[in-house]
Structure formats: structure tokens, C-alpha cells
Amino acid sequence: MNTTEAIHSRQTAKVLADSPWAPSLTPDEQEQLREHLLNLAAKAPYHYKSAERYKTGGQTSSLPFRCYTLDGATCNTLATKLETLSPPPGKIQNMLWAAELLIITTWLPDVFGTQPERREMEPLPFVGNLRNMEHIAATSAAIQNMLVGATAEEYPNYWSSGGVLRQEAARKILEIPMEEIMLGAVFIFPKDALERASQIMPGKLREEGKALESFSKKVTL
Ligand SMILES: Cc1cc2nc3c(=O)[nH]c(=O)nc-3n(C[C@H](O)[C@H](O)[C@H](O)COP(=O)(O)O)c2cc1C
């Protein structure tokens, strides 16, 4: 599949399983897929480096985003842990049962002034300046690279806002700092998901607003 075909083929597929699925890939294959998609994320354009405050632990990158990955077995473990939380995970649990790989991507906002020691919420609303706009834009480009890359390899996929995964309780389990703002929980499903799933839901806005003249205008001078 070439790039144009992959972009045209990409579509939201919310794959719902009734119970945890056995992985379709070996651990080595899962790792290769993880590295492949992270490499595509790393190739996205970005304009501004992330603030120094985010360069902690091993994650010292100047990219304005961070990716947290869970293999299929870890997705199943997470699904079990989320069962006891309030609010309940809802369809996120069914998708975790189906997922071959989950890549949670956060962006790293520039913040100003004294910050709380402990955050219960992400720093929302964030400061609406140009740098933050471009941090989000760069992170979105990275996520789209991963979606298109997964599509090119014929893995059904879905960009979720995260639902319960955004909340403090889940963030503690996942060890994703509340200082970071979740932009996408990218679910990568097995290639045979279409045969195995009890239900697959498309994106609600799949067909909306696509007429070229409805979102573009020729500039004539
Ligand atoms: C930033 C972002 C967040 C999204 N979050 C959700 C979500 O939480 N739930 C959902 O059903 N779809 C979510 N989507 C997917 C959209 O619903 C989907 O892209 C849209 O309906 C168009 O369908 P398509 O992806 O098949 O083209 C999200 C998409 C984007 C770009």
C-alpha cells in the first residue's frame, strides 16, 4: 500500500471484544510493530522543543510529546485494573481486550507561574499561545503518522481521546504524569479483528464535510 492509498484507507475502527483476546502477534512481532510506529511518530515535523521540566527519567527528548505503549497482554491487565474504578471504563475495556497495542500520546504544555506540587487534573485550560498551538499540531502529526502507518500494515486502528484513561486513577496505574495532556489513546487492533469482533463501530463523522469546495477556496489575485 503506498502513502496515498494508506491515507485514503485510514478509518476509525472501534473494535469491541466481549472478553480478552489472545494476541495475534508474537512478542517479537509486537515489539517490531511498536518500534515501527514510534519511529513514524518521531519523523513528524515539530517547531518548538519541549520545556526542560519534562526531560525527566529516561525521557529526555526535546519532542513536544511523549508516547506510552502497552502490548496486548498489558492492555488486558489494564482492563482488569480499570474494572474497580469509578467511573467504570465502559467501551474502553472492550477495546483494551481487543487491542494488540495501545500507544497513549500526551503533549507537553508550556506552563507559566508556580505549579501545584500534585495535580488531580491536567493543566486545563492551557495557555493559548503560539508555542502551545504548535506543540499540539506537532503531536497530532505524530499521531496521524502512526495511524497511517498502522493502516499501511493493515492493522485496524482508532484515535480515542482516552475516556477514563485521562483520569487521575488510571494515570496513577499507567504512571503518566498529570502535567502532560493526553491527546490520543491510539488503539491498534489485530489484523483479523473484523472476523473476531462482536462489534466494530466506525467514526461518527466519517462522511461529514468532505466536499472539497465546502472546506477550501481558491485564492485568485
Ligand atoms: C483528537 C481526536 C480525538 C478523538 N476522540 C474520539 C473519541 O474519544 N471517541 C470517538 O468515538 N472518536 C474519537 N475520534 C475519532 C473521530 O470520531 C473520527 O476520526 C471521525 O468520526 C471521522 O471518522 P474517520 O476517522 O473514520 O475518518 C477522535 C479523533 C480525533 C482527531
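## Briefing: helices, loops and a ligand shell

In helix H3, Cys 75, Asn 76, Leu 78, Ala 79 and Leu 82 meet Gln 93, Leu 96 and Trp 97 of helix H4. Meeting here means contact: two C-beta atoms, placed from the backbone, lie within 7 Å. Sorted by class, this contact of H3 with H4 has six nonpolar, two polar and no charged residues. Nonpolar covers Ala, Val, Leu, Ile, Met, Phe, Trp, Tyr, Cys and Pro; charged covers Asp, Glu, Lys and Arg; the others, Gly among them, are polar. This is a predicted model: local features need pLDDT of at least 70, side-chain atom pairs count only at pLDDT 80 or more, and totals for chains, interfaces and linings use all residues. Residues are numbered from 1 along each chain as its sequence is written.

- Helices (H or I, at least four residues) and strands (E, at least two) are DSSP runs, numbered from the N terminus.
- Two packed helices are described by the angle between their axes and the distance between the axes.
- The angle between H3 and H4 is about 155°, and their axes are 7 Å apart.
- H3 is therefore roughly antiparallel to H4 (an angle over 145 degrees).
- Axes are lines fitted to C-alpha atoms, for helices over the stretch in contact, and angles run from 0 to 180 degrees between N-to-C directions.
- H3 passes H4 in a left-handed crossing: the near helix is turned anticlockwise from the far one by less than a right angle.

**What covers H4**

- H4 is mostly covered, with six of its eight residues buried.
- A buried residue has 20 or more other C-beta atoms within 10 Å of its own, an exposed one 12 or fewer, and a partly exposed one falls in between; C-beta atoms are placed from the backbone.
- The buried residues of H4 are Ile 92, Gln 93, Asn 94, Met 95, Leu 96 and Ala 98.
- Their cover includes strand E1 (13–16), H3, E5 and helix H7 (193–196).

**Leu 183 in strand E5**

- Leu 183 lies in strand E5.
- Leu 183 counts as buried because it has 20 C-beta neighbours inside 10 Å.
- Neighbours within four places in sequence aside, Leu 183 is in contact with Thr 105, Thr 106, Trp 107, Ile 136, Thr 139, Ser 140 and Ile 143.
- Leu 183 and Lys 218 are 35 residues apart along the chain, and their C-alpha atoms are separated by 32 Å.

**Backbone exceptions**

- Most residues other than glycine have a negative phi, and most peptide bonds are trans.
- The Ser 86 to Pro 87 peptide bond is cis, with omega near 0°.
- Pro 87 sits in the loop between H3 (72–82) and H4 (91–98).
- A cis bond also joins Leu 124 to Pro 125, with omega near -5°.
- Pro 125 sits in the loop between strand E3 (101–107) and helix H5 (130–152).
- Glu 154 is not a glycine, yet its phi is positive, about 70°.
- Glu 154 lies in the loop between H5 and strand E4 (157–160).
- Glu 154 counts as exposed, because it has 10 C-beta neighbours inside 10 Å.
- Glu 175 has a positive phi too, near 55°.
- Glu 175 lies in the loop between helix H6 (168–174) and strand E5 (181–188).
- Glu 175 is exposed, with 8 other C-beta atoms within 10 Å.

**Around the ligand**

- The residues around the ligand are Gln 11, Thr 12, Trp 159, Ser 160, Ser 161, Gly 184, Pro 202, Gly 203, Lys 204, Leu 205 and Arg 206.
- To count, a residue needs its C-beta atom, placed from the backbone, within 6 Å.
- By class, this shell has three nonpolar, six polar and two charged residues.

Key:
Angles under 35 degrees count as roughly parallel, over 145 as roughly antiparallel, 65 to 115 as roughly perpendicular and the rest as oblique.
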